[in-house]
Every structure is written in structure tokens, then in C-alpha cells.
Amino acid sequence: AKYSQPIVGGNWKCNPASHSTLPTLVSNFEGVADYLSDCDVYVCPSNLHVSLVKDSFVPGISVAPQNCNFGGCGAYTGEMAVDQIKDLGLDTVLIGHSERRGEFGLPTPKESNELMATKLKYILDQGLKCVFCIGEPLPVREKGIEAVVEECTKQLEDIVPILKELEDKSRVVIAYEPVWAIGTGVTASPSQAQETHSALRSWIATAVDAKTAEGIRIQYGGSANAGNAKELSEMDDIDGFLVGGASLKPEIVDIVKALM
Ligand code: PEP
């Protein structure tokens with residue numbers, strides 16, 4: 001990271017099985033307290049656990065739900081409205097994770113790029129911040145960097161007008177998460193990740209504007225851990241990490257430290 005305040009997120013996905021484990025998971029983040037003036041940190045607990053942990057973290061850590069509805073309250077069974085998230089005092093929402101976009105063939109609805117744009121607009125209109133996930137599956141990566149950039153920018157195209165209008169560019173964070181690296185133990189190499197982040201930033205400069213390209217942060221996600229975070233964090237265009245598996249372990253502190 002060279003230009004912006006780094007940002008690290010912990011995505012707990014659909015874990016833990018028992019809420020009795022939550023205090024341990026929360027305490028894993030205690031050690032980041034010393035770094036919060038130099039690094040933004042958010043945690044995405046499962047929906048059921050958001051309210052249980054939202055006041056438990058050291059002050060300065062944001063609790064960010066892993067998804068939200070595309071609008072307000074109403075007849076949307078099983079959904080969570082941005083209005084409800086805001087009402088709980090939360091300031092950030094993560095959307096577009098590949099596991100929600102349907103990349104893993106899970107029985108969740110395919111979440112389209114268009115739907116992501118509707119969600120983002122609503123989140124920002126409500127005054128909240130957003131982590132916006134994008135990434136390519138393995139067959140696209142195997143075709144090379146041009147195909148990767150084409151796939152990832154396709155996921156960004158619908159939000160271009162929203163980013164253009166956004167005054168404070170730090171309110172949107174892009175999480176670049178190659179699908180083949182999520183939960184696999186296979187991490188993008190620092191040069192692979194840097195090449196992609198840099199290409200995405202250049203695309204944003206052209207499609208949106210230079211101010212957005214400079215101000216928006218791009219996190220890397222995909223099997224990031226204490227062992228690979230230092231090398232990845234030395235790349236100019238990597239502004240932090242979105243961490244799945246390792247955010248359930250004490251090593252999350254070392255991942256934050258790697259960015260200092
Ligand atoms: C994620 O869920 O966003 C993620 C990057 O997972 P992992 O770190 O486990 O690959």
C-alpha cells in the first residue's frame with residue numbers, strides 16, 4: 001500500500017457454529033487496537049451474530065454485515081435492509097462476495113452486477129460505507145491478465161456513475177478476490193495481485209476519473225494469512241486485505257501489522 005490508509009476486513013462467513021465461540025473470535029482482534037489509527041479494520045460476522053458482537057470489539061473496529069437488501073424494509077423474507085443495519089449503529093456493509101454471486105454453485109440466488117449497483121447506491125444514499133467484492137474464476141485467470149481485467153471491470157461497469165458522484169472516495173472499498181484463491185490456500189502471487197490491482201486502478205481512472213482511482217482503496221482477498229501478508233502488502237496498489245479463514249484465528253493481528 002502506498003497511497004491510502006490501509007484497510008483490513010475479517011469475513012467470518014457462516015461461522016462459528018456456536019455463539020459460545022464468539023468471545024474468543026472477538027478477542028483475537030484485541031491486538032489490533034494499537035494499529036487502528038493507521039489501519040481501518042472491519043469484521044463481517046454472520047447475520048445472526050451481528051447483534052451479539054457489535055458492541056464487543058475494541059472501539060474503532062467496524063462490524064459490517066456480509067450482505068444487504070437492495071432497498072428498504074418490506075416484504076423481503078430472509079433479507080436484511082440497509083435501514084435496519086443503519087439503525088443498529090453500523091456504518092459499513094459488504095456486498096457482492098463471490099459466494100453470494102453464486103460462483104460456488106451454492107443454493108443462493110445469483111446476484112447480478114446490476115443488483116450490486118442498486119445495493120451500492122442505496123447503501124451510499126443511507127450514508128453508509130461499502131466493501132464491494134469482485135473477482136474472476138479460475139478459467140478466466142487461465143486465459144491471462146486481459147481476460148481477468150475484462151471480467152473484473154464487467155463487475156464494476158454498473159457502478160461507474162455511482163463512483164463518479166461520490167464525494168468521499170474512501171466510502172467505497174473494492175475487494176479484489178480471485179475466486180480460485182478464496183478458501184483454497186492458493187494465494188495470488190504478489191506480482192499477480194499487483195498487476196491486477198494496478199490494471200483495475202487504471203481502468204477506474206479512465207472509466208470514472210483520476211480522483212476516484214487515487215482515493216478508492218483496493219483490498220486483496222484470497223487465502224491471505226500471516227505468512228503471505230507482508231509480501232503482498234509491499235505492492236503499491238494493494239491497500240489491505242479481506243481475510244476469510246485467517247480472520248477466525250489470532251494471526252489476524254499479524255496481518256494488520258504487516259501493513260504498518
Ligand atoms: C473471503 O471469504 O473473502 C476470503 C478471502 O476467504 P479466505 O481468506 O479464507 O480465502
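Predicted model: local features only at pLDDT ≥ 70, side-chain atom pairs only at ≥ 80, totals over all residues.
The protein has 12 helices and eight strands. Its radius of gyration is 17 Å, close to the 18 Å that the globule rule gives for 260 residues, so the protein is as compact as a globular protein of that length.

**The protein as a whole**

- Taken along the principal axes, the C-alpha atoms fill a box of roughly 45 × 45 × 35 Å.
- Of the 260 residues in the protein, 44% are buried.
- Among contacts with a separation of 6 or more, 71% are between residues 24 or more positions apart.

**Back to helix α5**

- The buried residues in α5 are Met 116, Ala 117, Lys 119, Leu 120, Tyr 122, Ile 123 and Leu 124.
- An α-helix has 3.6 residues a turn, so residues three or four places apart point the same way.
- After α5 comes Gly 127, with a positive phi near 90°.

- Leu 163 has 23 C-beta neighbours inside 10 Å, and the cut-off for a buried residue is 20 or more, so Leu 163 counts as buried.
- Leaving aside residues up to four places away in sequence, Leu 163 touches Val 172, Val 208 and Thr 212.
- Leu 163 and Ala 207 are 44 residues apart in sequence, and their C-alpha atoms are 9.8 Å apart in space.

- Strand β7 (residues 217–221) is largely enclosed by the rest of the structure, because five of its five residues are buried.
- Arg 217, Gln 219 and Gly 221 point one way from β7, while Ile 218 and Tyr 220 point the other way.
- Strand β6 (residues 172–176) runs parallel to β7, and four bridges join the two.
- Ile 174 has Ile 218 in β7 as its bridge partner.
- Strand β8 (residues 240–243) also pairs with β7 in the parallel sense, over two bridges.
- Gly 221 stands opposite Leu 242 in β8.

**Around the ligand**

- The ligand is surrounded by 14 residues, and the closest are Asn 11, Gly 221, Ser 223, Gly 244 and Gly 245.
- The shell around the ligand is made up of five nonpolar, seven polar and two charged residues.

**Backbone details to look for**

- Most residues other than glycine have a negative phi, and most peptide bonds are trans.
- Ser 223 is not a glycine, yet its phi is positive, near 55°.
- Ser 223 lies in the loop between β7 and α11 (229–233), and with 21 C-beta neighbours inside 10 Å it counts as buried.
- Lys 13, also not a glycine, has a positive phi of about 50°.
- Lys 13 sits in the loop between β1 and α1, and is partly exposed, with 18 other C-beta atoms within 10 Å.
- Pro 16 lies in the loop between β1 (7–11) and α1 (22–27), and the peptide bond leading from Asn 15 to Pro 16 is cis, with omega near -5°.

Technical notes. Residues numbered from 1 in each chain as written. Buried ≥ 20, exposed ≤ 12 C-beta atoms within 10 Å, placed from the backbone. Pairing = 2+ DSSP bridges. Rg over C-alpha atoms; globule rule 2.2 N^0.38 Å. Contact = placed C-beta atoms within 7 Å. Near = placed C-beta within 6 Å. Nonpolar A, V, L, I, M, F, W, Y, C, P; charged D, E, K, R; others polar.
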